[in-house]
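Colleague: Before I rely on any label in a structural description, I would like to hear the value and the cut-off behind it. Could we go through this one in that way?

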Amino acid sequence: MREQSIAIKGVKDGLLVAVSEGEEWAAIIADLAGRIDTQGAFFAGARITLDLGARPVRKDELGSMKAMLERRGVSLYAVHSESYTSIDAASALDLRAQYTG
């Protein structure tokens, strides 16, 4: 059995989703989509902050995550990252971005 690719925690501003740095991006999106689909009431209208750690995520990758969340009625609110690539991608998509490195 593989390691969990996401960890979800309730925080003051919504939900914090920490992603595994070693998992493929498509698998992370699929895992989060599956969690939302099976626990719709929990996620309904939620604001998500993604904690990407040191993982560099490009604008197109982050955009695909944002689109998946929006299709499910969830908003991507902010990104926390130790990677300037991820911070730049979040800023380009008009998301709040916090460098944590």
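Colleague: Among contacts in the chain between residues at least 6 apart in sequence, what percentage join residues at least 24 apart?

Modeller: This is a predicted model, and in it 65% of the contacts between residues at least 6 apart in sequence join residues that are at least 24 apart. The chain has four helices and five strands, and along the sequence they follow the pattern β-β-α-α-β-α-β-α-β.

Colleague: How do you know that the chain agrees with a compact globule?

Modeller: A compact globule with 101 residues would have a radius of gyration near 13 Å, and the chain has 12 Å, which agrees. Along the principal axes, the C-alpha atoms fill a box of roughly 35 × 30 × 25 Å, and buried residues make up 42% of the 101 residues.

Colleague: Why is F43 called buried?

Modeller: Buried means under 20% relative accessible area, and F43, at 1% relative accessibility, therefore counts as buried. F43 has its place in helix α2, residues 40-43, and, leaving aside residues up to four places away in sequence, F43 touches I8, L15, R35, I36 and V74. For one of these, V74, the C-alpha atom is separated by 6.8 Å from that of F43, although the two residues are 31 apart along the chain.

Colleague: How do you know that the span of α3 is close to the expected one?

Modeller: Helix α3 has 13 residues, and from its first C-alpha to its last it reaches 18 Å, which is to be set against the 18 Å expected at 1.5 Å a residue. Just after α3, G73 takes a positive phi of about 75°.

Colleague: What puts the buried residues of α3 on the same side of the helix?

Modeller: The buried residues in question are E61, L62, M65, M68 and L69. They cover an arc of only 120° around the axis, and this is what puts them on the same side of α3. As background, an α-helix has 3.6 residues a turn, so residues three or four places apart point the same way. What covers the buried residues of α3 includes α1 (25-38), β3 (47-51), β4 and α4.

Colleague: What is found at the start of α4, and what follows α4?

Modeller: At the start of α4, a side-chain oxygen of S83 reaches to within 3.2 Å of the backbone nitrogen of T85, which lies inside the 3.5 Å limit for a polar contact. After the helix comes D94, whose phi is positive, near 60°.

Colleague: Why is the pair of D37 and R72 called a salt bridge?

Modeller: The criterion asks for a side-chain nitrogen of Lys or Arg within 4 Å of a carboxyl oxygen of Asp or Glu, and the side chains of D37 and R72 meet at 2.8 Å, N to O. D37 lies in helix α1 and R72 in the loop between α3 and β4, so the pair ties together parts that are 35 residues apart in sequence. R72 itself is partly exposed, with a relative accessible area of 29%. By the same rule, the count comes to three salt bridges.

Note on methods. Residues are numbered from 1 along each chain as its sequence is written. This is a predicted model: local features need pLDDT of at least 70, side-chain atom pairs count only at pLDDT 80 or more; totals for chains, interfaces and linings use all residues. Side-chain values use heavy atoms; hydrogens and water are left out. A polar contact is a pair of N or O atoms within 3.5 Å; within protein, one must be able to donate a hydrogen and the other to accept it, and residues adjacent in sequence count only if both atoms are side-chain atoms. Helices (H or I, at least four residues) and strands (E, at least two) are DSSP runs, numbered from the N terminus. The expected span of a helix is 1.5 Å times one less than its number of residues. Buried means under 20% relative accessible area, exposed over 50%, partly exposed in between (1.4 Å probe, protein chains only). The arc is that of the directions from the helix axis to the C-beta atoms. Contact means heavy atoms within 4.5 Å. The radius of gyration is taken over C-alpha atoms; the globule rule is 2.2 Å times the number of residues to the power 0.38.
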